[in-house]
Amino acid sequence: MTKEKILVIGASGQIGVELTLALRNLYGNNNVIASDLREQNPLLEGTGPYVSLDVMNKEMLHVQVIRQNITQIYLLAAILSATGEKNPNLAWHLNMQGLLNVLDIAREEHIHKVYWPSSIAVFGPTSPKQNCPQQTIIEPSTVYGISKYAGEFWCNYYHQRFGVDVRSLRYPGLISYKSAPGGGTTDYAVEIYLEALTEKKYECFLQEDTYLPMMYMPDAIRATIELMEAPKSNINVRTSYNLSGMSFSPKEIALSIKQHIPEFEITYKPDYRQEIANSWPQSIDDSSANKDWGWKPQYNLQSMTEDMLTNLKS
Ligand code: NAD
Ligand code: AKB
């Protein structure tokens, strides 16, 4: 078996830190190179190699891939939905050009596998709200969603045209305690746990009845690794797989926290992110992922809340 050497781009982000650590467990610390615009990350320090890298600098990226004998690339650098609406040009530029740089280099250097995440943000106001199917009307209304939808078709194109084995998941909103989220609409579901523990109260930027698809980070990391380890012949979706964990509203997550912290209070002050959330589905049908590579989530709202509060306390 060829020895794999993995480059994670955007390794200092919410997903990057945990995915890098999981890949290091699987492939060995020195075989997973963490990279990011940020110079270092305290959570990754001492766990393996870390390089400072801008995915927009194609030449430097190409040099790293050759110099380090990279065989797999995980591209996580992106601008998320809320930050994207504040700076649409920057979001489009980074989300598209970063992906095209990676796909081009993967093609030229015969990289074995590429991972690039999409999002439930590909769906828009005209998509079905409940159990949104893999294939349906897709008319995203945010620049982030447009960039993810275009990116999915670039992945499909590089696979069909050049044989690049690029795989992708449409993550729901991700909830985690290790690394802070980076400018998304679903970030409230991370902030709420931190503020429940420190302040015993939280002012939510979404309305109480805003249901969104969500997932606990351990499930997201497992899904990513299961997708990437699945035999090539099982991967029938070359745009991006729907992925589902759980769905809840701010009112429901607050109630689950109140079971552990009875004095916790939530108030609501919706802002511009409400419109973004309203444009997305409330729940996702991930039967294609289940059928093709056996995906099944493990966490629900109750077990996630228990785990989040225990870990944040310690
Ligand atoms: P994040 O914002 O937490 O992390 C992104 C990382 O990329 C940051 O550490 C940032 O410094 C780095 N970065 C930014 N520009 C860069 C550049 N030019 N070169 C190199 N690195 C750069 O994001 P995340 O939440 O970890 O998301 C990772 C991926 O997963 C993104 O594609 C995102 O769209 C997708 N996703 C995330 C979620 C979620 O809830 N977190 C949900 C759906 C999809
Ligand atoms: C965001 O809210 O932008 C992300 C996502 C669902 O893609 N968490």
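Trainee: Hi! Which residues of helix H6 are buried?

Mentor: In helix H6 (residues 188-198), they are Tyr188, Ala189, Val190, Ile192, Tyr193 and Ala196. Buried means under 20% relative accessible area, with a 1.4 Å probe and protein chains only. Helices are DSSP runs of H or I with at least four residues, and strands are E runs of at least two, numbered from the N terminus. This is a predicted model, where local features need pLDDT of at least 70 and side-chain atom pairs count only at pLDDT 80 or more. Residues are numbered from 1 along each chain as its sequence is written.

Trainee: And what follows H6?

Mentor: Lys200, with a positive phi near 65 degrees.

Trainee: Switching to ligand 1, which residues come nearest?

Mentor: Gln14, Asp36, Asp54, Tyr144 and Lys148, of the 26 residues around ligand 1. A residue counts as near if one of its heavy atoms lies within 4 Å.

Trainee: Which atom of Asp36 does an oxygen of the ligand approach, side chain or backbone?

Mentor: An N or O atom in the Asp36 side chain, 2.6 Å from an oxygen atom of ligand 1. A ligand nitrogen atom is also 2.9 Å from a polar backbone atom of Val55.

Trainee: How much of ligand 1 does the protein bury?

Mentor: The protein buries 93% of the 830 Å² that ligand 1 exposes when taken alone. Those areas come from the Shrake-Rupley method with a 1.4 Å probe.

Trainee: Which elements give two or more residues to its shell?

Mentor: Helix H1 (14-27), strand E6 (118-119), helix H5 (143-162) and strand E9 (173-175).

Notes. Chains are lettered from A and ligands numbered from 1 in the order in which they are written. Side-chain values use heavy atoms; hydrogens and water are left out. A polar contact is a pair of N or O atoms within 3.5 Å; within protein, one must be able to donate a hydrogen and the other to accept it, and residues adjacent in sequence count only if both atoms are side-chain atoms. Buried means under 20% relative accessible area, exposed over 50%, partly exposed in between (1.4 Å probe, protein chains only).
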